[in-house]
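Welcome to a short tour of a protein chain.

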Amino acid sequence: MTSSLSTGIADNSSNTLVPRDELALRKEVVAWYARLCSGESNEADQQALQDWLQQHPDHRRAWERMQSIRQSMQAVPANIALPTLQSVRRGRRAVLRGVFLLASTGGLAYVSYRASTDRTLLQPWMADYRTGVGEQRSVLLSDGSRMVLNTDSSADVRYSETRRTVRLWSGEILIETAKHRHAAEDARPFVVQTAQGSILALGTRFTVRTFDDRTVVAVLDDAVELRTLNNGLVRILQAGQSAVLTRNEISATFATDDALVEWEQGSLVVNDWRLGDVVAELSRYRRGRLACDPAVADIRVSGAFPLADTDKALQVLVKSFPIRMTSTTRYWVVLGPI
């Protein structure tokens, strides 16, 4: 098992780790999961898994994501999940097929069961590009465009002969089209799709952030065209403008808040925000629970806070305002009154 799943991950020229190929990594994680669920695993398998997890940080992140999916799947109704999970008794090869079946059909059935949301369970995890909590990633696309993924985000990229499409499944991205970067002239439309509609780039630089029921778009340069999913309502956004896109409506435009764009530079920049909103935004970049007591949530805050070091950001808040920080562990932190 160990030899079949181990993959060369070192850059021989510098002897440093390089990012794992996403498709290969997904296959390895599913194979490990199937092995351990087969009912035939032993202590050697457990140790081999631990060795594999230590080989590369991408391994542990992928395994944690699979564990998260497993926990979520426990909510699947029995008539959906049981026929697939019963395959565990049929041996290792059958188990592997069953896990893939659960990912390809059970997940979709679960989405039908949870029809109130517009996001599938597995699509973000299986996306071409993903980031973990607190992680950011810059990707140079094949046409010369640039995509930056913010914390806990996932997106697929599909280029055809007639269209360039980025499907944002979760989180937030910044796009700099090839035209804006003067990298290439490409006549194919460049479109970002979300659950609420589409954003057509007009030679531009812009950000897109998804929520369960809406998408927020902010234009930094040039312009974009917004289009709703259900009724095709269209609106043009110019540089410095933002808007909220739902499946049926596009909000009135408003001036772009620095917080919508400065995250790429590693900062949360706020001007007269509620403390509760600042804490909620910082929590996106931090694992565990970070909360704000309602007694201090309305304190007004202005300033710039580092996203890569949320501990430091919290210390700045505690020193600047009449609040105190209570923590059970690093993963359970509450800001409250003194």
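Which residues does Glu 281 touch, leaving aside those up to four places away in sequence? Its partners are Arg 209, Leu 268 and Trp 273. Keep in mind that you are looking at a predicted model, so let's start with the whole chain and then come back to this residue.

**The chain as a whole**
- The chain has 338 residues, and 45% of them count as buried.
- You can find 9 helices and 19 strands in the chain.
- Take the contacts between residues at least 6 apart in sequence: 52% of these join residues at least 24 apart.

- The chain has a mean pLDDT of 81, with 76% of its residues at 70 or more.
- Residues 6–15 stay under 50 in pLDDT, and the model gives this stretch 12 contacts beyond four places in sequence.
- Residues 72–96 are also below 50, with 34 contacts in the model beyond near neighbours in sequence.
- Where pLDDT is low, the predicted coordinates should not be read in detail.

**Back to Glu 281**
- Glu 281 sits in helix α8, which covers residues 275–283.
- Is Glu 281 buried or exposed? Its relative accessibility is 11%, so Glu 281 counts as buried.

- Three strands make an open sheet with mixed pairing, in the order β16-β19-β18.
- β16 (289–292) and β18 (323–329) are the edge strands, each pairing on one side only.
- From one strand to the next, the twist averages 15°.
- β16 runs parallel to β19 (residues 332–337), and 4 bridges join the two.
- Within this pair, look for Arg 289 opposite Trp 332 of β19.

**Antiparallel pairs elsewhere**
- Strands β11 (residues 215–228) and β13 (residues 241–245) run antiparallel and are joined by 4 bridges.
- Thr 215 stands opposite Leu 245 of β13.
- β13 also pairs with β14 (residues 254–255), again in the antiparallel sense, over 2 bridges.
- Gln 241 has Ala 255 in β14 as its bridge partner.

Note on methods:
Residues are numbered from 1 along each chain as its sequence is written. This is a predicted model: local features need pLDDT of at least 70, side-chain atom pairs count only at pLDDT 80 or more; totals for chains, interfaces and linings use all residues. Side-chain values use heavy atoms; hydrogens and water are left out. Buried means under 20% relative accessible area, exposed over 50%, partly exposed in between (1.4 Å probe, protein chains only). Contact means heavy atoms within 4.5 Å. pLDDT is the predictor's confidence in each residue, from 0 to 100. Two strands pair if DSSP finds at least two bridges between them. Axes are lines fitted to C-alpha atoms, for helices over the stretch in contact, and angles run from 0 to 180 degrees between N-to-C directions.
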